[in-house]
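Please examine the sequence and the structure shown here.

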Number of protein chains: 2
Amino acid sequence: MFNEFHTTAEELIRHSGGRATAGRIGILAILLAEQQAITHREIEQRYPEALQLDRVTLYRALEWLAGKNLIHKVTSDDRVWRYHANRELHSHQHAHFKCTRCAQMICLSDLPIDQSWPLPIGYRFQEIELTVKGLCADCC
Amino acid sequence: MFNEFHTTAEELIRHSGGRATAGRIGILAILLAEQQAITHREIEQRYPEALQLDRVTLYRALEWLAGKNLIHKVTSDDRVWRYHANRELHSHQHAHFKCTRCAQMICLSDLPIDQSWPLPIGYRFQEIELTVKGLCADCC
DNA sequence: AAATAAACGCAACAATGTTGCAGTTATTGT
DNA sequence: ACAATAACTGCAACATTGTTGCGTTTATTT
């Protein structure tokens, strides 16, 4: 577990002005190593058993990381949040893809649609959340 | 509760080949009368107390109505499903708007974006789910 | 009016996430 | 290096939303 992601994770956390605890570093390292957005459950499974990490601590660490903009939270139709480390491209709004068979979830490129959406009069636009559903390469 | 929506609801249900029970009719009538997509909880509140309706029955009725395409289910970031009666325009995919303050949720016009989305090679497109977030007229 | 499949109500369960609080720990200042 | 302290953690208990199994009731058909 003490790989490049760990080092990066620790730097990012310190840079954000929070305490660099083992839990936060480990969690962020896992998310940095991952190509897809993964669930709380999946993070738990990847987390080394030896180190122990409470469910609640995981939830709180994720919340903190999201608040510091180091990761982002993705809504899904299965009522489960998925998390993904932020890269440069994620600082902007982007779409997500979800496989309807295996539930894999990846980030797509920036939103090619205009940010101003035709809303009813008096409504104010804030952001767009877009999920494309289909089959991933493995499930096709 | 025995208004025009009740009559319409009953017709729609019979036309779909299901048993026209008080629960289904009442639920569909509520959804037909509503401009926005509402939650299971909100349906329960609008349902006349005198008539009693079990939580489970409500869930099952909603599932059935969605299966028959009389209503549709909307995903939201608060992990709660919202339901809305289908009109002609809803037979096509459409976007939803959600107020970030009062959680009101309405349907927007058809998706103006092309159905084929730039996916990675080997991926297959199925559908798009799009939610615009912002403030509704009341909350602005 | 009886027969019957469909729908319902209840109880119990499952999954995901949250809150309160006492104990532990990373960091800061000396 | 050490003590002080705010920040973080772990546990237990809870909340919310939705699901399953099963015996009972009911809308529809004949």
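Of the atoms of DNA strand C within 4 Å of the protein, 61% belong to sugar or phosphate, and the rest belong to bases. The model is a predicted one, in which local features need pLDDT of at least 70 and side-chain atom pairs count only at pLDDT 80 or more, while totals for chains, interfaces and linings use all residues. Residues are numbered from 1 along each chain as its sequence is written, chains are lettered from A and ligands numbered from 1 in the order in which they are written, and side-chain values use heavy atoms, with hydrogens and water left out.

**Surface near DNA strand C**

DNA strand C is surrounded by 20 residues, of which the closest are Arg14(A), Arg19(A), Arg24(B), Thr57(B) and Arg60(B). A residue is near the strand if one of its heavy atoms lies within 4 Å of it. By class, this surface comprises eleven charged, six nonpolar and three polar residues. Here Asp, Glu, Lys and Arg count as charged, Ala, Val, Leu, Ile, Met, Phe, Trp, Tyr, Cys and Pro as nonpolar, and the others, Gly among them, as polar.

| Side chain | Atom of DNA strand C | Distance |
|---|---|---|
| Arg41(A) | phosphate oxygen | 2.9 Å |
| Arg19(B) | base nitrogen | 2.8 Å |
| Arg60(B) | base oxygen | 2.5 Å |

Two or more residues each come from helix H3 (40-46) and helix H4 (55-67) of chain A, and from helix H4 (55-67) of chain B. H4(A) gives the most to this surface, with four residues. Helices (H or I, at least four residues) and strands (E, at least two) are DSSP runs, numbered from the N terminus.

**The sheet of chain B**

Chain B holds an open sheet of three strands in the order E1-E3-E2, with antiparallel pairing. Its edge strands, each pairing on one side only, are E1 (38-39) and E2 (71-74). Two strands pair if DSSP finds at least two bridges between them; two bridges join E1(B) to E3(B) (residues 82-85). Thr39(B) stands opposite Arg82(B) in E3(B).

**Thr75(B)**

Thr75(B) is placed in the loop between E2 and E3 of chain B. Thr75(B) counts as buried because its relative accessibility is 13%, the cut-off being under 20% relative accessible area, with exposed over 50% and partly exposed in between (1.4 Å probe, protein chains only). Its contacts (heavy atoms within 4.5 Å), leaving aside neighbours within four places in sequence, include Thr75(A), Ser76(A) and Asp77(A), as well as Trp81(B).

Key. A polar contact is a pair of N or O atoms within 3.5 Å; within protein, one must be able to donate a hydrogen and the other to accept it, and residues adjacent in sequence count only if both atoms are side-chain atoms.
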